[in-house]
Amino acid sequence: MNRQAQAVVMLLFGGAVLKAGLTDIHLRYVKEGLRPFLLIAGALLVVAAVMTLYHELRPTGDAEHAHHEPRVGWLLILPVIGLLLVSPPALGSYAAGQAGTALAGASSESEFGPLPPGDPVPLSLMSYASRAVFDEGRSLSGRNLRLIGFVSTGPDGRPLLARITLACCAADGRPVKVGLTGAVTVGAPADSWVQVIGRYHRRVDKDPVNNAAVPYLEVTDWQRIPAPRKPYE
């Protein structure tokens, strides 16, 4: 590629980064706290591209020899244009099925205080799973609970509730999985976002991917909801 083509690719890529950083699209890939760094990186790419184009296209008094690079190099622009026009979705049921649950051990029982007031009590999937497994459901018993996640399919073909947790970005995302049981069946297709109301159930299975614990929730009610602004926990 010549410098002009390189600058155009850099300009388009910087524009794609700025577009993601200025909208909620970046929440599909990184934590919200990294937004300022995306904006700075995108701006630097755009400035560098503009300066390169200015240097290459400005008229000069000296005659220069023309260098003819293969035109196929311009095809590298197509993936970058795709980033501008089409934004890949957040990680969902496929990623959840390929990775083991991210449920980690608790250091002591003192980590699990009483639930806040409310009926139902809103809980993250990680909070519910940790309390159900490591606290053996003591802090959950007798309470109506509300969990939000996307529908995934378990190894037995039954629906699971899942959500991806991030340490930094989507590249290190891992799922938290909660099995669903009871007389009420969640009938939404995979990748549908749902709000589930239910109670603690003592059933715990093993994730076949990493042999970690997957707790269950006894479902009493559920409904489909729009995808949340922040898809990750």
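## Close-up views of a predicted model

**View A. The largest nonpolar core.** Seven residues of this 26-residue core touch the most other members: Leu 123, Tyr 128, Leu 140, Leu 145, Leu 147, Leu 161 and Val 196. Two or more residues come from each of helix 5 (125-134), strand 2 (145-153), strand 4 (174-181), strand 5 (193-206) and strand 6 (213-224). Helix 5 contributes the most, five residues. The model shown here and in the other views is predicted.

**View B. Surroundings of Leu 140.** Neighbours within four places in sequence are left aside. Beyond them, Leu 140 contacts Leu 115, Leu 123, Tyr 128, Arg 131, Ala 132, Leu 145 and Tyr 200.

**View D. Helix 2 (residues 35-57).** The helix has 23 residues, which at 1.5 Å a residue should span 33 Å. Its end C-alpha atoms lie 33 Å apart, in agreement with that value. Gly 42, Ala 49 and Leu 53 are its buried residues. Helix 1 (3-22) is part of what covers them.

**View E. A nonpolar surface patch.** Leu 75, Leu 78, Ile 81, Leu 85 and Val 86 make a patch of about 500 Å². Val 86 sits in the loop between helix 3 (77-85) and helix 4 (93-98). Val 86 counts as exposed because its relative accessibility is 57%, and exposed means over 50%.

Technical notes. Residues numbered from 1 in each chain as written. Predicted model: local features only at pLDDT ≥ 70, side-chain atom pairs only at ≥ 80, totals over all residues. Heavy atoms only, no water. Helix = DSSP H or I, 4+ residues; strand = E, 2+ residues; numbered from the N terminus. Expected span 1.5 Å × (residues − 1). Buried < 20%, exposed > 50% of the residue type's maximum accessible area, 1.4 Å probe, protein only. Contact = heavy atoms within 4.5 Å. Patch = residues over 30% accessible without salt bridge, like charges linked within 9 Å, V, L, I, M, F, W, Y side chains within 5 Å. Areas by Shrake-Rupley, 256 points an atom, 1.4 Å probe, with all protein chains shown as cover. Salt bridge = Lys/Arg side-chain N within 4 Å of Asp/Glu carboxyl O. Core = buried A, V, L, I, M, F, W, Y, C linked by side-chain atoms within 4.5 Å.
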